[in-house]
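Here are my notes for someone opening this one for the first time. Have it on screen while you read, and go through the points in order.

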Amino acid sequence: MLQNKINDYLRFIESGEINEHFSPKDYDKIIIRIIAKYSFGFDCIEFLNNAKQVINDAGFELEWEVSPIEDDND
């Protein structure tokens with residue numbers, strides 16, 4: 001699912017559709033940022049590192065972080 005989502009973002013960017021929503025003068029670079037609720041497993045980290053290289057080669061960036069959502073019931 002994550003790979004499909006990243007591919008959707010890349011299609012959005014590379015097709016030029018991004019320019020229908022954002023003006024190129026409003027940004028210096030394009031970063032796909034993934035924020036996860038739970039830690040990534042080893043296989044996922046390996047996938048993200050490989051995807052990052054491909055995306056960097058295409059002229060964009062890929063970043064990720066884990067940011068747990070706090071439960072208001074605590």
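How many nonpolar, polar and charged residues does the lining of the largest pocket have?

1. Before the answer, some ground rules. This is a predicted model, where local features need pLDDT of at least 70 and side-chain atom pairs count only at pLDDT 80 or more, while totals for chains, interfaces and linings use all residues. Residues are numbered from 1 along each chain as its sequence is written, and side-chain values use heavy atoms, with hydrogens and water left out.

2. Now the pocket. Its lining has 9 nonpolar, no polar and 3 charged residues. (Nonpolar here covers Ala, Val, Leu, Ile, Met, Phe, Trp, Tyr, Cys and Pro; charged is Asp, Glu, Lys and Arg; the others, Gly among them, are polar.) Among the lining residues are Tyr-9, Phe-12, Ile-13, Phe-22, Asp-26 and Lys-29. Helix α1 and strand β1 each supply at least two of the lining residues. (Helices, H or I with at least four residues, and strands, E with at least two, are DSSP runs numbered from the N terminus.)

3. The space in that pocket comes to about 230 Å³. A pocket is an open set of points on a 1 Å grid over the protein atoms alone, where a 1.4 Å probe fits, with protein on both sides within 12 Å along at least five of seven lines; lining residues have an atom within 4 Å of a point. The volume is the space filled by probe spheres set on the points, which are joined across faces, edges and corners.

4. Next, the largest nonpolar core, with 14 residues; Ile-55 and Leu-62 have the most contacts inside it. α1 (2-14), β1 (31-36) and α3 (42-57) each supply at least two of the core residues. (Such a core is a set of buried Ala, Val, Leu, Ile, Met, Phe, Trp, Tyr and Cys residues joined through side-chain atoms within 4.5 Å.) In soluble globular proteins, nonpolar side chains tend to be buried together.

5. Look at Ile-55, in helix α3. Its relative accessible area is 2%, so Ile-55 counts as buried (buried is under 20%, exposed over 50%, partly exposed in between, with a 1.4 Å probe and protein chains only). Beyond its neighbours within four places in sequence, Ile-55 is in contact with residues including Ile-6, Leu-10 and Phe-60 (contact means heavy atoms within 4.5 Å). Ile-55 and Ile-32 sit 23 residues apart in sequence and 9.0 Å apart in space, C-alpha to C-alpha.

6. Strand β1 shows two faces: Ile-32, Ile-34 and Ala-36 on the covered one, Ile-31, Arg-33 and Ile-35 on the uncovered one. In a regular strand the side chains alternate between the two faces of the sheet. Ile-32 is buried at 6% relative accessible area, and, sequence neighbours within four places aside, its contacts include Tyr-9, Ile-13 and Leu-62.

7. β1 pairs with strand β2 (residues 61-66) in the parallel sense over 6 bridges (strands pair if DSSP finds at least two bridges between them). Within β2, Glu-61 is the bridge partner of Ile-31. Glu-61 is partly exposed, at 26% relative accessible area.

8. Last stop: Ser-67, in the segment after β2. Ser-67 is partly exposed at 33%, and, leaving out neighbours within four places in sequence, Ser-67 is in contact with Ile-35, Ala-36 and Lys-37.
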